[in-house]
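Colleague: I have a model open and would like to learn how to read it. Could you take me through some of its features, one at a time?

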Number of protein chains: 2
Amino acid sequence: MEESVTLYKNFQMNIPETDLPRVVVIGAGFAGLKLARQINTHHYQLVLFDKNNYHTFQPLLYQVASAGLEPDSIAYPVRKTLRRKKNMYFRLTEVNKVDREQKKVFTEIGDLRYDYLVIATGATNNFFGIDAMEKNSMPMKSLTEALDLRSKMLENYERAIYTQDLNERIRLMNVVIVGAGPTGVELAGAIAELRNKILPKDFPDLDFRQMSIHLIEAAPRVLVAMSEKSSKRALKYLKKLNVNVHLDTAVKDYKNGVVTTNQEREFLADTVIWAAGVAGDHPEGFHTDELAKGNRIKVNSYCQVPDDEQVYILGDSAYLETEEYPKGLPMLGSVAMQAGAYLAKQFNRKAKGKEIKPFQYVDKGTMATIGRNLAVADFKRYKLGGAFAWITWMFVHLMLLVGFRNRVIVFINWTWNYFRYNNGLRLIVRPFRKKNKSKE
Amino acid sequence: MEESVTLYKNFQMNIPETDLPRVVVIGAGFAGLKLARQINTHHYQLVLFDKNNYHTFQPLLYQVASAGLEPDSIAYPVRKTLRRKKNMYFRLTEVNKVDREQKKVFTEIGDLRYDYLVIATGATNNFFGIDAMEKNSMPMKSLTEALDLRSKMLENYERAIYTQDLNERIRLMNVVIVGAGPTGVELAGAIAELRNKILPKDFPDLDFRQMSIHLIEAAPRVLVAMSEKSSKRALKYLKKLNVNVHLDTAVKDYKNGVVTTNQEREFLADTVIWAAGVAGDHPEGFHTDELAKGNRIKVNSYCQVPDDEQVYILGDSAYLETEEYPKGLPMLGSVAMQAGAYLAKQFNRKAKGKEIKPFQYVDKGTMATIGRNLAVADFKRYKLGGAFAWITWMFVHLMLLVGFRNRVIVFINWTWNYFRYNNGLRLIVRPFRKKNKSKE
């Protein structure tokens with residue numbers, strides 16, 4: 001099917017030139033999607049780019065990886081969200097470069113002029129220069145990565161059945177998670193529940209007491225961005241679920257199936273999950289001195305690039321210092337969502353000739369769930385734990401999901417899992433092994 | 001991760017030798033799964049092989065391809081089905097060869113002795129020697145193929161937006177389906193409903209009146225295995241949904257995006273779906289004279305290979321002539337299910353010293369659904385059409401689905417779609433384009 005590819009190269013954008021100012025948004029994550037939904041397209045033409053045709057609800061990716069939810073539960077098609085809006089154009093492609101002199105973006109399907117540019121491309125994995133990790137560990141920042149991780153774990157249990165070598169079997173069953181932030185902690189808890197309750201029923205041939213889950217963290221506590229109290233609770237919950245937590249431990253290398261650290265401990269595992277660091281991700285077109293720690297683009301309190309006020313950066317790709325956050329706003333979904341809503345509002349105000357206000361992030365609290373009835377939540381006045389935090393976590397995440405259908409499906413799944421201890425379907429939906437050519 | 005592969009080669013089966021006779025079943029389709037669930041494993045050791053870790057409900061594959069259902073709705077993990085059975089071993093691998101002298105099967109993870117062998121490997125696509133079709137058309141016999149087909153169609157609409165060349169746009173939007181059996185007819189109907197009601201809302205940039213759906217059939221009528229009355233009805237329904245049906249038309253070639261036939265008509269389409277023929281699929285180890293039309297293995301009325309009574313063939317891979325079916329039982333899910341249940345019963349009878357009875361297929365009717373309120377059903381005495389047949393079809397398929405969870409999810413989806421005309425999520429869950437290496 002060579003033709004399709006050739007053809008594709010000749011494509012043009014096919015977006016009309018109108019009198020309306022054109023706002024080009026790169027990325028349909030929390031920030032970009034919020035902006036696209038709330039901007040008034042009677043006053044602006046909006047063009048949204050994303051490399052996927054769906055929005056991913058990243059906070060629940062770990063449940064897809066641990067086979068508790070299916071991809072369709074946490075993904076929502078961009079076109080469906082934007083259906084009823086006029087002057088709104090979605091284009092499925094990756095934006096490689098922006099040229100701020102020419103005011104143009106360059107994509108795989110051609111280039112496009114902008115009046116306002118909004119970069120909301122989020123974050124990607126940061127391996128801090130550890131090559132072995134970049135090559136051999138599994139990241140979990142996208143839906144396809146989460147599915148790959150799930151398939152790999154499930155295939156490894158199938159393989160573990162056949163080996164007579166105990167070390168090999170343990171290597172295939174073990175899981176090492178690097179990084180005890182929310183992703184690492186939530187994933188460790190979910191995999192521990194799988195191991196404790198579910199996998200032994202699926203694989204009667206295996207002894208799951210042989211399987212260890214190691215959570216490795218360079219800092220002296222888990223969930224370092226949360227309160228001390230919540231850290232302690234989370235650690236207690238993780239131990240309750242029999243996760244081996246290694247604090248003050250930095251990963252050094254991973255070869256021959258062994259993870260080495262700056263401590264004496266080594267870890268045997270075929271599945272090593274990278275949840276230790278993220279860095280801002282953005283198209284080419286920014287100078288080094290415009291970037292801050294973690295490859296994020298510095299913005300002023302209006303979310304603008306200081307010398308280039310027609311360019312806005314939102315969410316994880318932005319670096320915004322405030323009085324309350326002298327090291328920059330945290331890279332959280334809630335910051336991205338609020339920034340998207342903020343910018344839509346400002347565009348709508350500007351169209352009506354009203355003055356523009358600076359962005360103010362309101363911390364509504366942070367949460368992490370470790371397992372059944374085990375979660376922690378930090379609010380300004382209260383630090384919650386246990387079943388109450390868990391129910392709060394579930395309620396908040398259900399409400400944040402895009403699409404009523406997704407909410408219903410996730411709710412049914414969670415209720416089901418709660419009463420049946422029977423967490424999802426554990427399908428390996430990829431060719432397990434290519435068919436022998438000789439058979440054709 | 002070379003090691004995993006090397007390791008994998010050294011694996012052994014890890015199935016204990018016991019006093020119980022060992023029944024080896026290849027394939028967890030309708031026949032194999034039914035047998036595995038109903039055989040009494042107090043009297044037999046059962047080993048089940050499949051190349052996927054899930055059972056696929058093939059009659060609804062077309063709804064996955066047309067984005068009405070997600071894969072998890074019609075797939076069910078084999079291990080979950082067999083959880084509570086003892087002396088039952090599932091192994092995820094492909095069986096390449098059987099050696100009936102040695103009474104052994106050869107798989108990618110080693111070989112295994114059998115006392116009884118049951119081949120229930122189903123069918124694969126038969127391209128009747130048309131190379132261009134084998135290379136460039138999309139088949140739809142497995143979950144991954146159905147997902148590929150969906151992704152291709154959705155990506156083509158995204159691409160169609162960019163081209164200024166009308167012919168190219170039409171080529172990207174058009175769909176040609178070869179073969180008007182149940183799969184072809186159901187898929188044509190589902191894609192037509194997508195085009196008529198749903199895609200125009202998703203893609204306001206495209207004019208879906210430019211998109212044609214061509215259903216090409218060599219026989220003089222659609223659904224040739226059903227009654228004349230149902231054929232006529234189905235044709236009427238297809239026309240109502242604006243599917244272009246071309247009867248008495250045999251496909252000859254497909255190149256440069258054009259399908260040629262034995263008639264003058266040619267068809268421009270990037271998406272060509274092969275639903276014209278299937279052939280039995282089985283491991284190596286059978287002589288040509290043991291095979292019948294369509295690569296199926298001939299069996300006697302006990303579903304045994306005539307000269308080798310410890311080998312049974314069930315479902316689509318079997319060829320069984322009866323008085324009522326002098327050309328062999330049809331390749332249908334219902335035949336496979338009944339054969340699986342039959343064989344389990346005979347094994348259970350044999351264990352208790354009871355006599356064995358021959359297999360008798362009971363035709364409970366055949367059905368096909370073309371669209372909303374449009375279905376046909378052939379029963380012995382009645383030929384149904386329209387909304388009543390459609391409701392019957394839905395009820396029967398819901399009941400046949402494995403797993404209560406799947407039934408609930410499919411039921412919710414169908415109800416939703418009925419009232420909202422908003423058919424599923426249309427996710428393209430595969431990397432749309434690999435990331436530029438230069439960016440790393």
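**Reading the model**

Modeller: Start with helix α2 (residues 30–38) of chain B: 7 of its 9 residues are buried, so the helix is largely enclosed by the rest of the structure. Keep in mind that this is a predicted model.

Colleague: Which residues of α2(B) are the buried ones?

Modeller: First the general idea. An α-helix has 3.6 residues a turn, so residues three or four places apart point the same way. In the present case the buried residues are F30(B), A31(B), G32(B), L33(B), K34(B), L35(B) and A36(B). A lysine, K34(B), is included in that list.

Colleague: Now strands. How should I read strand β16 of chain B, and which residues lie on its covered face?

Modeller: In a regular strand the side chains alternate between the two faces of the sheet. Strand β16 (residues 258–261) of chain B shows this: V259(B) and T261(B) form the covered face, while V258(B) and T260(B) form the uncovered one.

Colleague: What does β16(B) pair with, and over how many bridges?

Modeller: Strands of a sheet pair through backbone hydrogen bonds, either parallel or antiparallel. Strand β15 (residues 251–255) of chain B runs antiparallel to β16(B), joined to it by 4 bridges. Within that pairing, Y254(B) has V259(B) as its bridge partner. Strand β17 (residues 266–268) of chain B also pairs with β16(B) in the antiparallel sense, over 3 bridges. There V259(B) stands opposite F267(B).

Colleague: What do the corresponding strand numbers in chain A show?

Modeller: In chain A, strand β15 (residues 251–255) pairs with strand β16 (residues 258–261) in the antiparallel sense over 4 bridges. K255(A) stands opposite V258(A). These strands form a hairpin with 2 residues between them, and N256(A) in the turn has a positive phi of about 50°. Next, 3 bridges join β16(A) to strand β17 (residues 266–268) of chain A, again antiparallel, with T260(A) opposite E266(A). The hairpin from β16(A) to β17(A) runs through 4 residues.

Colleague: Where else is phi positive in a residue other than glycine?

Modeller: L223(A) is one case, with a phi of about 45°. L223(A) sits in the loop between β13 (213–216) and α10 (228–240) of chain A, and is buried, with 26 other C-beta atoms within 10 Å. C303(B) is another, with phi near 65°. C303(B) lies in the loop between β21 (296–298) and β22 (304–305) of chain B, and is buried, with 23 other C-beta atoms within 10 Å.

Colleague: How is an open sheet read, and in what order do the strands β6, β7 and β8 of chain A come?

Modeller: The order is β6-β7-β8, with antiparallel pairing. The edge strands, β6 (95–99) and β8 (110–113) of chain A, each pair on one side only. From one strand to the next the twist averages 20°. β6(A) and strand β7 (residues 104–107) of chain A share 4 bridges, and D99(A) has K104(A) as its bridge partner.

Colleague: Stepping back, how is chain A divided into domains?

Modeller: The assignment gives domain 1 (2–125 + 279–351) and domain 2 (131–276). Their centres, taken over C-alpha atoms, are 33 Å apart. The contact takes 14 residues from domain 1 of chain A and 17 residues from domain 2 of chain A.

Colleague: Which element gives the most to the domain 1 side of that contact?

Modeller: α3(A), with 5 residues. The residues on that side divide into 8 nonpolar, 6 polar and no charged.

Colleague: And what is the overall form of chain A?

Modeller: Chain A has 13 helices and 27 strands. For its 440 residues, a compact globule would have a radius of gyration near 22 Å, and the 23 Å of chain A agrees with that. Buried residues make up 50% of the chain.

Note on methods
Residues numbered from 1 in each chain as written. Chains lettered and ligands numbered in written order. Predicted model: local features only at pLDDT ≥ 70, side-chain atom pairs only at ≥ 80, totals over all residues. Rg over C-alpha atoms; globule rule 2.2 N^0.38 Å. Buried ≥ 20, exposed ≤ 12 C-beta atoms within 10 Å, placed from the backbone. Domains from an automatic or database assignment. Contact = placed C-beta atoms within 7 Å. Nonpolar A, V, L, I, M, F, W, Y, C, P; charged D, E, K, R; others polar. Pairing = 2+ DSSP bridges. Axes fitted to C-alpha atoms, helices over the stretch in contact; angles between N-to-C directions.
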